[in-house]
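The exercises below are meant to be worked through with the sequence and the model side by side. Please try each task before reading its solution.

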Amino acid sequence: MENIVNEIVNFEEIVFLNKKEQIENSLRTTYRKKIWTKFVKAIKDFDLIKDGDKIAVGVSGGKDSLLLCKLFQELKKDKSKNFEVKFISMNPGFEAIDVDKFKENLIEMGIDCELFDADVWKIAFEEAPDSPCFLCAKMRRGVLYKKVEELGFNKLALGHHFDDIVETTMINMFFAGTVKTMLPKVPSTSGRMDIIRPLAYVREKDIINFMRHNTIQPMSCGCPIEAGKVDSKRKEIKKLLQDLEEKNPNIKQSIFNSMKNINLDYVLGYTKK
């Protein structure tokens with residue numbers, strides 16, 4: 001009986017190892033141009049990583065952060081940059097089934113991630129039951145930033161991608177009446193570390209295809225609002241952009257480029273000094 005159990009364990013180890021190798025190989029081959037090259041280009045263009053950096057990667061369990069982990073693992077192999085990296089994840093109140101799925105994906109993908117608990121969802125829904133999203137987002141950032149600083153890291157890498165940046169631009173214009181976007185590198189509110197977004201050039205559709213290609217099922221958000229029970233502004237903008245893309249496939253790239261090409265001479269109220 002013991003021999004059978006050992007054989008099963010060894011078989012599972014082989015399966016996970018093969019899956020890990022498959023994922024890593026696809027980054028260098030099938031998705032080299034659409035993901036790996038864009039990841040490296042963003043790091044170079046926005047000077048995201050320097051020698052000696054201690055980088056924490058925030059892992060939500062979703063497709064974007066899981067991909068980011070693998071990209072950092074591959075970058076470490078290259079030895080083109082001398083940096084330290086650690087993967088950390090905050091559990092804001094996930095259901096047990098979601099946590100189990102998350103851990104399964106981490107094992108399959110060969111990601112060593114530290115998971116810590118925080119009652120963010122519980123507090124957010126108690127304090128603001130009608131509109132918990134703003135408080136939840138603020139608390140999650142605060143808890144995660146504090147954890148990264150306590151660990152002594154000077155940079156926090158997040159999985160926001162090209163589409164997130166475009167959508168954020170539109171949300172600010174449509175709902176906040178301001179022209180600003182999600183920057184690839186920005187100081188944290190405390191000023192003690194930088195937030196970096198190395199997926200700034202990577203398209204969401206390519207991340208989705210990468211996950212499907214490697215038969216990875218990312219953990220669902222778990223939050224009833226983000227699960228679609230309540231519409232969000234981001235969902236509205238995402239749908240609008242999808243409709244606009246049918247007539248103009250390059251519209252997202254144009255919006256992205258516009259945030260690098262702001263002509264102050266044609267901004268209302270701006271006066272040259």
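A residue is called buried when its relative accessible area is under 20%, exposed when it is over 50%, and partly exposed in between, with a 1.4 Å probe and protein chains only. This is a predicted model, in which local features need pLDDT of at least 70 and side-chain atom pairs count only at pLDDT 80 or more, while totals for chains, interfaces and linings use all residues. Residues are numbered from 1 along each chain as its sequence is written, and side-chain values use heavy atoms, with hydrogens and water left out.

**Exercise 1. Describe the chain as a whole, then its sheet.**

Step 1. Buried residues make up 41% of the 273 residues in the protein chain. Helices (H or I, at least four residues) and strands (E, at least two) are taken as DSSP runs and numbered from the N terminus; on that basis the chain has 11 helices and six strands.

Step 2. Two strands are said to pair if DSSP finds at least two bridges between them. The six strands form an open sheet of mixed pairing, in the order β3-β2-β1-β4-β6-β5, and its edges are β3 (113-117) and β5 (185-187), each of which pairs on one side only.

Step 3. Within the sheet, β4 (residues 155-157) and β6 (residues 194-196) are joined in the parallel sense over three bridges, and Leu 156 stands opposite Ile 195 in β6.

**Exercise 2. Locate the nonpolar cores and follow one central residue.**

Step 1. A nonpolar core is a set of buried Ala, Val, Leu, Ile, Met, Phe, Trp, Tyr and Cys residues joined through side-chain atoms within 4.5 Å. The largest one has 55 residues, and those with the most contacts inside it are Phe 39, Leu 67, Phe 72 and Leu 156. Helix α3 (residues 63-78) gives the most to this core, with seven residues.

**Exercise 3. Is Val 179 buried or exposed, and what does it contact?**

Step 1. Val 179 lies in the loop between α7 (162-176) and β5. Val 179 counts as exposed because its relative accessible area is 53%.

Step 2. Leaving aside neighbours within four places in sequence, Val 179 is in contact with Met 259 and Ile 262. Its C-alpha atom is separated by 7.0 Å from that of Thr 169, 10 residues apart along the chain.

Key. Contact = heavy atoms within 4.5 Å.
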